[in-house]
Amino acid sequence: MKVSGGESSVLNLYAIREQESKPGLRPGTIAGLKHDTVEISPTGRQLAEGAIKHHVGKIFVSAQIDESLNRLLEGKSQEVSDAVHTIIGSNLLPGGSVSDEGERAALREAGLAQAQYVADRYMSGGESSELMAVMNQIAVIGAKGTVDSATGSVSYKMPPSRPVGAPEDYVDINELMKRFEPDTYKKLNEAVTGSGDWGSILFSFVKKIPQNEQWVSKYREETKQLMHELKTTKLDNRFAGANTSDMASFLLDINRKLEQTPLAKTDALMRNMDNFARIFGHRA
């Protein structure tokens, strides 16, 4: 993603030369000058650390998964919502910051254990099993992610979105175009982002569909197969069955299971577990 500011980033050499003759701040000390100091106690540091909370962003996977998560998290505390979306973004679908497959697998497995902790302690009735079914689907998507060896970025194949209430055989026109006319799809995106005539491009493609019925049948076949894999694939998890009775017991059990199957690198996993605990106000 490219981000550009409103002002030019080109250095103005004339402005720099002019500033050199003006008074400015310089690092250093003045003999005999004393400064007041403030010492923050350990208790104060902890209070300050917890005073600022950042609510995490949400990753859109599909309309169905988004609807399920919104329904399951409705009425739940902000901590529960933050925990679920943090698990998705940091564990199940991590970005380029974690390109090593071994670390990604450990984070994914820890994420499912964290999701089980949330399900056991904050969900009731059928909510618990439904949350885990959704999180398992997302984990399967994460397990199939591919890493760009040049950039380290990770890409995931998301399932086609079907609007809530739409029939099972619903066809997403955008996905159909992406699958069978990628060049047209590229032109459509360029027209949308450049405020071009994207409507005529989309309409022209729609007119081709009746003469290419194999597109629709192939799309539905592939979508059905993908959804079957997401719902039935069972992932290995070294952290399965971790004690979820309370956070301290949960963290202790995760460490115990990790000792049984040690990792070459554990820094990312340890930070991740610590961040998860902090969402619920637990500090080791």
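## Helices α8 and α9

Helices α8 and α9 are roughly antiparallel to each other, because the angle between them is over 145 degrees. In this predicted model, α8 spans residues 182–193 and α9 spans residues 198–208. The two helices pack at an angle of about 155°, and their axes lie 8 Å apart. Their crossing is left-handed.

From α8, the residues Thr-184, Lys-187, Leu-188, Ala-191 and Val-192 take part in the contact. Helix α9 contributes Trp-198, Ile-201 and Leu-202. Sorted by class, the contact of α8 with α9 holds six nonpolar residues, one polar residue and one charged residue.

## The largest nonpolar core

In soluble globular proteins, nonpolar side chains tend to be buried together. The largest nonpolar core of this model comprises 47 residues. Those with the most contacts inside this core are Val-118, Leu-131, Met-135, Ile-138, Phe-250, Leu-269 and Phe-276.

Two or more residues of this core come from each of α3 (63–73), α4 (78–92), α5 (101–122), α6 (127–143), α10 (213–232), α11 (247–260) and α12 (267–279). The largest share, nine residues, is supplied by α5.

Another core, of 10 residues, lies apart from the largest one. Among its members are Val-171, Leu-176, Met-177 and Ile-209.

## The surroundings of Phe-276

Phe-276 is one of the residues with the most contacts inside the largest core. When its neighbours within four places in sequence are left aside, Phe-276 is in contact with Ala-83, Ile-87, Gln-114, Tyr-117, Val-118, Met-247 and Phe-250. Of these partners, Val-118 and Phe-250 are also listed among the residues with the most contacts inside that core.

Definitions and conventions. Residues are numbered from 1 along each chain as its sequence is written. This is a predicted model: local features need pLDDT of at least 70, side-chain atom pairs count only at pLDDT 80 or more; totals for chains, interfaces and linings use all residues. Side-chain values use heavy atoms; hydrogens and water are left out. A nonpolar core is a set of buried Ala, Val, Leu, Ile, Met, Phe, Trp, Tyr and Cys residues joined through side-chain atoms within 4.5 Å. Buried means under 20% relative accessible area, exposed over 50%, partly exposed in between (1.4 Å probe, protein chains only). Helices (H or I, at least four residues) and strands (E, at least two) are DSSP runs, numbered from the N terminus. Contact means heavy atoms within 4.5 Å. Axes are lines fitted to C-alpha atoms, for helices over the stretch in contact, and angles run from 0 to 180 degrees between N-to-C directions. Angles under 35 degrees count as roughly parallel, over 145 as roughly antiparallel, 65 to 115 as roughly perpendicular and the rest as oblique. A crossing is left-handed if the near helix is turned anticlockwise from the far one by less than a right angle, and right-handed if clockwise. Ala, Val, Leu, Ile, Met, Phe, Trp, Tyr, Cys and Pro count as nonpolar, Asp, Glu, Lys and Arg as charged, and the others, Gly among them, as polar.
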